[in-house]
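Trainee: I'd like to learn how to read a model like this one. Please show it to me and take me through a few of its features.

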Amino acid sequence: MLSISALHANAGDKPILKGISLTVNPGEVHAIMGPNGSGKSTLAQVIAGHPGYEVTGGSITYMNQDLLELDPEERAQQGVFLAFQYPVEIPGVTNAYFLRSAYNEIRKAKGEEEVDPMEFLDLMEKKLKLVDMDPAMLHRSVNAGFSGGEKKRNEILQMAVLEPKLAILDETDSGLDIDALRIVADGVNALKRPDNATIVVTHYQRLLNYIVPDFVHVLAGGKIVKSGGKELALELEQRGYEWVMDAA
Amino acid sequence: MGSSIETLVNREYQYGFVTEIEADTIAPGLNEDVIRLISSKKNEPEWLLDWRLKAFRRWQTMTEPHWPNVKYNPINYQAARYYSAPKSVKPLQSLDEVDPELLATYKKLGISLTEQKLLAGVAVDAIFDSVSVGTTMKDELAKHGVVFCSFTEAVHNYPELIQKYLGSVVPYSDNFFAALNSAVFSDGSFCYVPKGVRCPIELSTYFRINAAETGQFERTLIVADEGAYVSYLEGCTAPKRSTNQLHAAVVELVALDNAQIKYSTVQNWYAGDKDGVGGIYNFVTKRGKAHTNSKISWTQVETGSAITWKYPSVILQGDNSTGEFYSVALVNNKQQADTGTKMIHIGKNTKSTIISKGISAGEGQNSYRGRVQMLPKATGSRNYTQCDSMLIGNKCGAHTFPYIEIANDSSTTEHEASTSKIGEDQIFYCKARGLNAEHAISLIVSGFCREVFKELPMEFALEAQQLLGISLEGSVG
Ligand SMILES: Nc1ncnc2c1ncn2[C@@H]1O[C@H](COP(=O)(O)OP(=O)(O)OP(=O)(O)O)[C@@H](O)[C@H]1O
Ligand SMILES: [Mg+2]
């Protein structure tokens, strides 16, 4: 589904990703861990197409096409979804309107009919339950004045509505209380299908008790320095990152 | 602004076409004979000609104001034409007599004047250059005693009302452009809502400039008698031309005791091209007088014109009266706007609210200028002002000039202001959810303007939102 090969990327003149290779197949869950500033969010943003990063080498293939050739909105329309580490506020635009616009754009791209506001509200009712969110949130401005945890939950709500093929969750667990963490993880698991895949970026093994990864990768200094199974996360939790980096 | 925000194809101004129509146009120039000629073309009574001439003499002693924060080449008032009317328009004609060519023009502008296809619940007065071509739904309005007609018609049919209220809110001596308008105004709309009547439909005037080198100088007068209510909307478009054209209108609102007037504007005059060639100079004086317990609300969405200079204001004359100003002003390319409001609190316990949203894109310059004045007797009065600016790109500008004068101890004002840049992050967030750049920008901007849009009559809120999207095209990529 996704194949990243020797990817290099800069922010301005500063090299941040320094040769990343990663293959994700349908049905898989990959966890990416690693120290602060190692490039995890950068990788996520580059996959989503953030214009602030320049790809200086390597390639990303997604569903048999060159992902880097696509505009960010085309990537989203073709099923790439990034749950932002820092979700953005859009004052004055209701969550419901924003979500419906996104949903309709993605439907249009698939050649499907747009849905009207009433149909959409029906759909939302189910999705809200999935993340246990108060329907009143739909009528508030996108992320504006949301608490940290509410913003994260809102990202998962969007994911539930847009039903991506490839979801990248960038520290969605940070800032969530224990209950919210379980709700979010349950939501992610409920959306899991044999033909979609998930990449979770996290600092905490705790999340991986709920969203069980098939692979765990350690990103350090812009490179993947170690990959393993879910046990690797436990080992990292106990021993920290230093040993992996030393070994690399 | 950075990598992606810069290049989208500029969509053409949709309303830039010219109607080929035989017109009765007078020679360029301005003097007393021209004023007499305009007045005689309209068969005006002597008192009105006198008033025009007084205004003209006053105007000659005045100088063009240069305090607004806008730059333009000097206007040659002798080079402009002050009257142009389609030959086919007869004075006081009925709608059935309207020239098909004119009907077609309005249809192209999205306005149907033929009765069977009327916009539900809206009465329209269509002003083409210097004259009104027709007013719809008059019969329906007459049932409620509401008068809605062209200014010319009102002068003939309701002379007492015109004599009583013309210049009562904006005297001809008020300012340079108001004096000019008073001297040469050609047509406009008049509305009178009798005591206790709630006007059941939206009233609207559609202004169209067509002729070249002709200025448009319309006058609108709306009187809501005691306890009456009316909601009025004006829309404006003009052809694309490489020369600048002057639009100097005057609008007067009178809300008598317990009355309410809601006045909305969607201004989309031709803005000039991306290099700033051509476009309308929109120099307008709009003011309302609010008597006891009455309320006047101005809502404006200003997206067109090369230069906009206007300050819809409220004189809060009566105790407990309310004035509101909700504004969205957008400048793109080389457009300049200096707009805002004046709230003059005279009565006790008067209240005013100002919400201004300025959006600047391209090399546009947007200034908010507002005056809140509370006179010594206006005790217990309150004002709330919120003034937000949004910048798109980094070649544009936003400026605010708030003036506040409080001359008593028991009144309060509150002023909030913010300036933000439309964020690359906001745009990317929208894109990451499948929205393209244009869609993202118009979503973000309409969110920014929401408090103002919600004040527009429902039928026009969506139109205004789309207009904003179109006006911004090309500003972002
Ligand atoms: N736009 C930018 N300009 C300059 N430096 C940047 C930019 N974006 C990221 N960086 C730098 O790149 C490095 C990687 O940042 P990134 O956000 O990818 O780290 P991360 O692994 O997600 O960290 P965290 O665990 O703290 O979220 C950091 O040193 C960061 O400061
Ligand atoms: Mg990060």
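Predicted model: local features only at pLDDT ≥ 70, side-chain atom pairs only at ≥ 80, totals over all residues.

Trainee: Is A:Met63 buried, exposed or partly exposed?

Mentor: For that you need the cut-offs: buried means under 20% relative accessible area, exposed over 50%, and partly exposed in between (1.4 Å probe, protein chains only). A:Met63 comes out at 33%, so it is partly exposed.

Trainee: How is chain A divided into domains?

Mentor: Domain bounds come from an automatic or database domain assignment. Here, domain 1 covers 1-72 + 200-248 and domain 2 covers 82-163. Their C-alpha centres lie 26 Å apart.

Trainee: Next, the metal. Which residues coordinate the magnesium ion (ligand 2)?

Mentor: The rule is that donors are N, O and S atoms within 2.8 Å of the metal (3.2 Å for Na, K and Ca); water is not among the atoms, so sites may look incomplete. For this ion, the donors are A:Ser41 (OG) and A:Gln85 (OE1), at 1.9 to 2.1 Å. These two come from distant parts of the chain, 44 residues apart: A:Ser41 is in helix H1 (residues 40-48) of chain A, and A:Gln85 is in the loop between strand S6 (80-83) and strand S7 (90-94). A:Ser41 is partly exposed at 23%, whereas A:Gln85, at 16%, counts as buried.

Trainee: And which residues come nearest to ligand 1?

Mentor: A residue is near a molecule if one of its heavy atoms lies within 4 Å of it. Of the 15 residues around ligand 1, A:Gly37, A:Lys40, A:Ser41, A:Thr42 and A:His203 come nearest. H1(A) gives the largest share of the shell, three residues. A polar side-chain atom of A:Tyr53 lies 3.0 Å from a nitrogen atom of ligand 1, and a backbone N or O atom of A:Gly39 lies 3.0 Å from one of the ligand's oxygen atoms. Such polar contacts are pairs of N or O atoms within 3.5 Å; within protein, one must be able to donate a hydrogen and the other to accept it, and residues adjacent in sequence count only if both atoms are side-chain atoms.

Trainee: Last topic: how many salt bridges are there over all chains?

Mentor: A salt bridge is a side-chain nitrogen of Lys or Arg within 4 Å of a carboxyl oxygen of Asp or Glu, and the count comes to 25. One of them joins B:Arg433 and A:Glu155, with the closest N and O atoms 2.8 Å apart. That pair crosses between chains, from the loop between helix H8 (424-431) and helix H9 (437-448) of chain B to helix H5 (residues 148-162) of chain A. Both partners are buried: B:Arg433 has 1% relative accessibility and A:Glu155 has 0%.

Trainee: What separates A:Glu235 and A:Arg239 in helix H8 (residues 231-239) of chain A?

Mentor: About one helical turn, because they are four residues apart in that helix. Their salt bridge has its closest N and O atoms 3.0 Å apart. A:Glu235 is partly exposed at 30%, and so is A:Arg239 at 48%.

Trainee: What about B:Lys295 and B:Glu324?

Mentor: Their side chains meet in a salt bridge (3.5 Å, N to O). B:Lys295 is in strand S14 (residues 295-302) and B:Glu324 in strand S17 (residues 322-331) of chain B, so the pair ties together parts 29 residues apart in sequence. B:Lys295 is partly exposed at 27%, while B:Glu324 is buried at 10%.

Notes: Residues numbered from 1 in each chain as written. Chains lettered and ligands numbered in written order. Heavy atoms only, no water.
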